[in-house]
Amino acid sequence: MDQYAVFGNPVKHSRSPWIHAQFAAQTGAELEYGAREVELAQFEQQVLAFFANGGAGLNITVPFKERAHDLAQVLSDVARVAGAVNTLYQDARGQLVGDNTDGIGMLRDILQNGGVLRQRRLLVVGAGGAVRGVLPNLLAEQPAELLILNRTADRASALADRFRDLGSVRGGGYDLLTNASAAPAFDWIINGTSVGLSGGLPPLPTNVVSPATWGYDMVYGPGQTAFQQWCINNGAERALDGLGMLVEQAAEAFYLWRGVRPETAPVIAALRHALAAVD
Ligand code: NAP
């Protein structure tokens with residue numbers, strides 16, 4: 001039976017085994033998908049051992065996406081530009097291939113919800129691995145402008161420098177907006193920070209929201225996240241959470257591994273139902 005897993009630390013709350021079990025059932029695939037908490041010093045060794053023992057594919061999560069990028073022998077364009085890998089497999093020659101499906105996952109979710117990024121003004125909050133992974137896909141949609149804000153300002157400006165060739169990108173600390181006498185509203189505010197995992201909010205001024213703004217929180221939970229509520233309470237048109245992105249990035253990994261594209265809508269609905277039931 002084909003073996004897959006997600007490697008991370010921590011990883012025990014990962015929904016990936018559940019999602020891939022749904023995809024396997026839906027497509028009639030015989031596979032096993034586990035979650036392995038990997039010691040920080042052991043990552044490279046464990047990845048290589050997994051494939052040496054016949055493993056078919058890995059997802060990589062926090063904090064290993066950049067190390068997976070460095071370990072891969074072949075990189076997809078998106079993974080190379082992002083500098084982060086969330087999906088690993090071997091090609092026909094046995095080379096370790098690294099790809100990143102976070103960005104296509106978020107983009108598919110946005111498009112399926114009727115969102116438009118082209119010629120829109122985007123505010124992206126956070127500059128960690130998740131933001132790095134989605135920037136190539138966001139910029140490929142040719143937004144009018146993309147501003148990255150982060151608590152550690154240098155990380156946001158370094159990311160903006162890295163992606164400057166792909167579009168109009170700026171980056172810095174939150175003071176870029178709070179010091180502006182009239183901070184303009186954005187068409188999209190995408191929260192890629194982990195502050196929401198503890199119910200907190202990124203420190204944004206409310207005038208970045210207009211009645212035309214759409215919010216997107218990469219975090220998800222049983223109900224609306226704190227950031228979704230903040231967007232709506234400040235007059236945004238809509239606010240999406242990251243559950244669709246989670247399922248879509250998994251579906252793209254499944255496709256890369258198995259050449260079969262699972263249907264995501266029933267899995268998103270089932271996961272939302274399951275999350276609400278345990279609340
Ligand atoms: P990460 O690499 O650890 O980056 C965390 C980011 O959050 C950094 O920009 C960090 O700022 C910022 N941050 C953390 N605590 C903060 C606080 N108290 N105030 C302001 N900023 C804070 O994590 P990641 O991999 O990018 O993941 C970010 C989030 O996206 C996580 O919540 C993760 O669960 C979610 N995610 C969701 C999906 C999905 O499929 N839905 C996929 C990937 C990630 P500093 O740089 O200043 O530390």
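1. Two strands count as paired if DSSP finds at least two bridges between them. The model discussed here is predicted. Strand β5 (residues 87-90) meets that criterion with β6: the two pair in the antiparallel sense over 4 bridges.

2. The β5 and β6 strands form a hairpin with 5 residues between them. Look at G94 in this hairpin: its phi is positive, near 85°.

3. Strand β6 also pairs with β4 (residues 74-75). Here the strands run parallel, and 2 bridges join them. V74 has V97 of β6 as its bridge partner. Strands in a sheet pair through backbone hydrogen bonds, in either a parallel or an antiparallel sense.

4. Which residues of β6 point one way, and which the other? L96 and G98 point one way from the strand (residues 96-99), while V97 and D99 point the other way. All four are buried, D99 included. In a regular strand, side chains alternate between the two faces of the sheet.

5. Now the open sheet. It has 6 strands in the order β9-β8-β7-β10-β11-β12, with parallel pairing. The edges are β9 (169-172) and β12 (238-240). Each has a single partner strand, so one side of each is left without a neighbour in the sheet. Neighbouring strands are turned by 15° against each other on average, direction ignored.

6. W214 has R238 in β12 as its bridge partner. Helix α7 (residues 153-163) packs on the sheet, where it touches β8 (145-149) and β9. The direction of α7 makes about 165° with that of β9.

7. Next, helix packing. Two packed helices are described by the angle between their axes and the distance between the axes. Helix α5 (residues 102-112) and helix α6 (residues 129-140) pack at about 55°, with their axes 7 Å apart. Angles from 65 to 115 degrees would be roughly perpendicular and those under 35 roughly parallel; α5 and α6 are therefore oblique to each other. Their crossing is right-handed. On the α5 side, the contact is made by D102, G103, I104, M106 and L107; on the α6 side, by G133, V134, N137 and L138. By class, the contact has 5 nonpolar, 3 polar and 1 charged residues.

8. How much of α6 is buried? The helix is mostly covered, with 9 of its 12 residues buried. V131, R132, G133, V134, L135, P136, N137, L138 and L139 are the buried ones. After α6 comes Q142, whose phi is positive, near 55°.

9. What does the contact of α1 with α11 consist of? From α1 come W18, I19, Q22, F23 and Q26; from α11 come P266, V267, A270 and L271. These residues divide into 7 nonpolar, 2 polar and no charged.

Technical notes:
Residues numbered from 1 in each chain as written. Predicted model: local features only at pLDDT ≥ 70, side-chain atom pairs only at ≥ 80, totals over all residues. Heavy atoms only, no water. Contact = heavy atoms within 4.5 Å. Nonpolar A, V, L, I, M, F, W, Y, C, P; charged D, E, K, R; others polar. Axes fitted to C-alpha atoms, helices over the stretch in contact; angles between N-to-C directions. Parallel < 35°, antiparallel > 145°, perpendicular 65-115°, else oblique. Left-handed = near helix turned anticlockwise from the far one by under 90°. Buried < 20%, exposed > 50% of the residue type's maximum accessible area, 1.4 Å probe, protein only.
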